[in-house]
Amino acid sequence: MINKKTLEKLSLNMRIFCVSKFSIILFTVLCFTTLVHAEMIKLEGDVRDAESKQFLPGATVWIKDLNSGTVTDIDGKFSLDLPKGSYLIEIRFVGYSPYSRLVTIDKPRSLSFVILPEISQLNEINVLGKKAEDNVVSKQMSMQRLDAAAIKRMPAFMGEVDVIKSIQMLPGVSTAVEGATGFSVRGGTPDQNLVLLDMASIYNVSHLMGFFSIFNNDIVQDATLYKGDMPASVGGRLASLLEVTSRNGEAGPVKGQGGIGTIASRLSLEGSLSPSTTFIVAGRRTYADLALKFSSDKALRESQLYFYDLNMKITQRINEKNRLFLSAYTGDDVFGNKDGSLKLGNTMASLRWNHAFDNHLRRDITLYYTGYRYAFGTPEDELNPFLWVSKIEDAGARYDFKIDKGAFSNFEFGASSIFHMFSPGKITSSSATSFFRNFELSSSNALESGIYAAWIPDITSRLSLKIGLRYSDFRNVGSATVYRFDQNYQRTDSVTYHKGDFFNQYGGFEPRIGFNYRLTPTTSVKGAYNRNLQYMQLAQNSTAGTPFDLWFPASPNVKPQKADQFSLGVFKNLDNNTIELSVEGYYKKMSNTIDFKDHAELFLNPLLEGEIRVGQSESYGMEVLAKMKRNKWNGWLGYTLAHSSRTIDGINGGNEYTSPYDKTHQVSVVLNYEFNTKWSVSSNFVFSTGIPLTIPAGKFDYFGNQVPIYTNRNAYRMPDYHRLDLSVTYRPQSVRKRWFTGEWVFSVYNLYNRHNAWTIGFRQDETNPNETYAEKTYLFPLIPAVTYNFKF
């Protein structure tokens, strides 16, 4: 019989044995890892354009003998750990001729590779230059990247190629309604997407009420979309991150490019200001208002209707270890006639200092400002003049480090802070007799900060990990007036905070974890989990969005929204990496989801927070993507099966209802074919289930007025959406033969003239007041366009 004391001693011995055994195993693994990596020799360098000497980010550095490689970073630099020996290194980049060099690795080396642009433009339409097997070996999932050339070859709306409309053709991404540039990712709302231009937030990406985006493709280097699996360095949104990077100007004599289109023209210039300084400036403007000058109607002649964009970037190379990047953007939409005017737009500026301490450690310090504003009114009206102004502004700073000491020692860490300034609305009138009175909603401020760290190791030749942790902190800052509400959302009292007062705080950890396990050299399984917190949101009455939508922060009444997302996918390359396949499944659970009660008053409402209802939501789905990149053929086929829903007390009787951006099925096809150096054709087709809709199921008479009775929220749907676009490009002369080259682009939007619903309204029959009928409004029939693009 074994007594209790004997059992305790035996248990203690077992624990000591297990701990010792674990320590031995751990020590053995670490020693083995050290021995493996001790034999590796560092090769680093950069890849540049042979003509302009500009660094090329995203270029593939491929070691053919080892069947492995890497991609240059945003500064065109790379680093590899290789066993001692001689290797044939191949450099590949979209639009450039492949370059190979035999290199002997017997000691740490630093090399610079220069590559020549291809005379033919056949490969210009590929999805961004990357190593051919990146679909399989990359640790990142739920991410897609497009370069400017890929975007340029897609059929354009009214001749204007568009970053956002190209992104909307990817699986898991959809537009809310016809023509809008706001986008939904995996059932999320547009305000759950963080859009960055050179690391500065952009709050409104739209021109002309959403029909165009603010991004001039002539200055865009690439656009990268993360559909939930965001890097630890970035936070603040639940659904996605879209990073748009502008081009560095090419060194050398001044060059230019531009285009003359149906609705707009654009021009960009770039070159060297000094041997160590390059620049690029770009402008774009529509000219619908110039055509109105020829109208016989005086009111039309005096009307304004246009938008413009101005971009600038200066790159200063101080020395081999230090570079500065100054980027700026401003743009406005201007509408005006005798009855009133509207002006809205964005302004941003960012300054990044890149410093390389040594071959392994780099640091980036970024300072930026961004702002979105609109002004609406009738300031010239003699009877009732008024001007309504609203804006949101950010001033931010980032401090980012990156350590690259081999496959097992890749680290990233840093910190960021943003000071938000919210000015929701101010109305002023210059006349004492005006119907409008001076009125101002309470302004507010907030400080949003974060710190992060990430470790990205290759554990074995098959298993890679991505382990990150972010902590975010949010604090409301005065001056501000905060209203208090009872359980029925009725105002009870208010509290006023003075300028500079910190009066409310939220925060939390946001883990980001992922893995890649390579089953074969051409097949891998990837998985990811990440948590995101969002501290600010958009108040809007419609899925289409309007310029008057209002950003407002978390507060004592509004808790931050939280999302936990799980993703799992299989990735496969076929036919020598010319076909890429991926199937991803995801599940996202969200808490503190915000929606607005029925018949909410959002317009200049100082008690806006009393209109909010909070609950839970979820979304799940499957995304299939097949890419093809073969010589003259290029494109992709995407399919999305998804569902998203909400359950919020006070809405739909507290029962679950479909979220506003839910689309069960979505199909997108993008196909490009290059006949020769002169002729190419591009097309895209999209189909999606109609968005949810709430409709009246009946009505009752109230003292002679017909009052509608509505169904459950989002219980019905718009008609299904589908559209086919086509474009043909003709280049009269071969590239690089003359100092001036040009091309004609002939495009057709909505080729078979589908009348897709923009809105569906319900009207009372004038001849029979007891009858109600539905009325569909559509925007775009078949629209042809011609654009002439040129370079010099």
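**Strands, a surface patch and salt bridges**

Tyrosine 517 is found in strand E31, where helices (H or I, at least four residues) and strands (E, at least two) are DSSP runs numbered from the N terminus. The model is predicted, so to speak of local features a pLDDT of at least 70 is needed, side-chain atom pairs count only at pLDDT 80 or more, and totals for chains, interfaces and linings use all residues. Residues are numbered from 1 along each chain as its sequence is written, and side-chain values use heavy atoms, with hydrogens and water left out.

Tyrosine 517 is partly exposed, with a relative accessible area of 34%; here buried means under 20% relative accessible area, exposed over 50%, and partly exposed in between (1.4 Å probe, protein chains only). Together with Phe515, Leu519 and Leu568, Tyr517 forms a nonpolar patch on the surface, with about 340 Å² of accessible area in total. Patches are made of residues with over 30% relative accessible area and no salt bridge, like charges being joined within 9 Å and nonpolar side chains (Val, Leu, Ile, Met, Phe, Trp, Tyr) within 5 Å. Accessible areas come from the Shrake-Rupley method with a 1.4 Å probe, and for residues only the protein chains shown count as cover. Strand E31 (residues 502–520) supplies the largest share of the nonpolar patch, three residues.

Turning to the sheet, five strands form an open arrangement in the order E8-E15-E16-E11-E12, with mixed pairing. Its edge strands are E8 (143–147) and E12 (200–201), each of which pairs on one side only; two strands pair if DSSP finds at least two bridges between them. E8 and strand E15 (residues 220–226) run antiparallel and are joined by five bridges, and methionine 143 has tyrosine 226 as its bridge partner in E15.

The structure holds 32 salt bridges, each a side-chain nitrogen of Lys or Arg within 4 Å of a carboxyl oxygen of Asp or Glu. One of them joins aspartate 81 and lysine 42, with the closest N and O atoms 3.6 Å apart. This pair links distant parts of the chain, aspartate 81 in strand E4 (residues 77–83) and lysine 42 in strand E1 (residues 40–49), 39 residues apart. Lysine 42 counts as buried, at 10% relative accessibility.

Arginine 352 and aspartate 364 also meet in a salt bridge (2.7 Å, N to O), and both are buried. Finally, Arg186, Lys227, Glu584 and Glu623 are linked in a network of salt bridges.
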